[in-house]
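Below is a short report on one protein model.

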Amino acid sequence: MSAIYDLALTTGANRVVRGCRIEHDCGNPALGPEKDREYGLRIIRTALRALATPVTGPTLFDPAREEEAHHAS
């Protein structure tokens, strides 16, 4: 998980889950407690899906687009 996902992809990480912000990688307190929890759960679900997805190189998993993974070029 990384809020600086471009750096993680360019350094060769095979699976990168896009986080929200550097200080709140797995959530966004600005959303309020209930929506922050929902957002955090979406990020965690995306991370679990990333672990179960075969990849052949650096791949970005974006919680905003839970159904798709994007291969870095």
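## Asp62

A polar atom of the Asp62 side chain lies 2.9 Å from the backbone nitrogen of Ala64. A polar contact here is a pair of N or O atoms within 3.5 Å; within protein, one must be able to donate a hydrogen and the other to accept it, and residues adjacent in sequence count only if both atoms are side-chain atoms.

Asp62 sits in the loop between strand 2 (59-61) and strand 3 (69-71). Is Asp62 buried or exposed? Asp62 is buried, because its relative accessible area is 9%. The classes are buried (under 20% relative accessible area), exposed (over 50%) and partly exposed (in between), with a 1.4 Å probe and protein chains only. Leaving aside neighbours within four places in sequence, Asp62 is in contact with Arg18 and Thr46. Contact means heavy atoms within 4.5 Å.

## Model and fold

This is a predicted model: local features need pLDDT of at least 70, side-chain atom pairs count only at pLDDT 80 or more, and totals for chains, interfaces and linings use all residues. Residues are numbered from 1 along each chain as its sequence is written, and side-chain values use heavy atoms, with hydrogens and water left out.

The protein has two helices and three strands. Along the sequence they follow the pattern α-β-α-β-β. Helices (H or I, at least four residues) and strands (E, at least two) are DSSP runs, numbered from the N terminus. Of the 73 residues, 30% count as buried. Among contacts between residues at least 6 apart in sequence, 40% join residues at least 24 apart.

## Nonpolar cores

The largest nonpolar core has seven residues: Val17, Tyr39, Ile43, Ala47, Ala50, Val55 and Phe61. Helix 2 (residues 33-52) gives the most to this core, with four residues. A second, separate core has five residues, including Tyr5, Ala8, Val16 and Leu60. Such a core is a set of buried Ala, Val, Leu, Ile, Met, Phe, Trp, Tyr and Cys residues joined through side-chain atoms within 4.5 Å.

Ile43 belongs to the largest core. Beyond neighbours within four places in sequence, Ile43 is in contact with Met1, Val17, Asp25, Cys26, Gly27 and Pro63.

## Cysteines

How many disulfides does a search of the whole structure find? The search finds zero. A disulfide is a pair of cysteine sulfur atoms within 2.5 Å. The sulfur of Cys20 is 9.7 Å from the closest cysteine sulfur, in Cys26, so the two are too far apart for a bond. Cys20 counts as partly exposed, at 23% relative accessibility. Cys26 also counts as partly exposed, at 33%.
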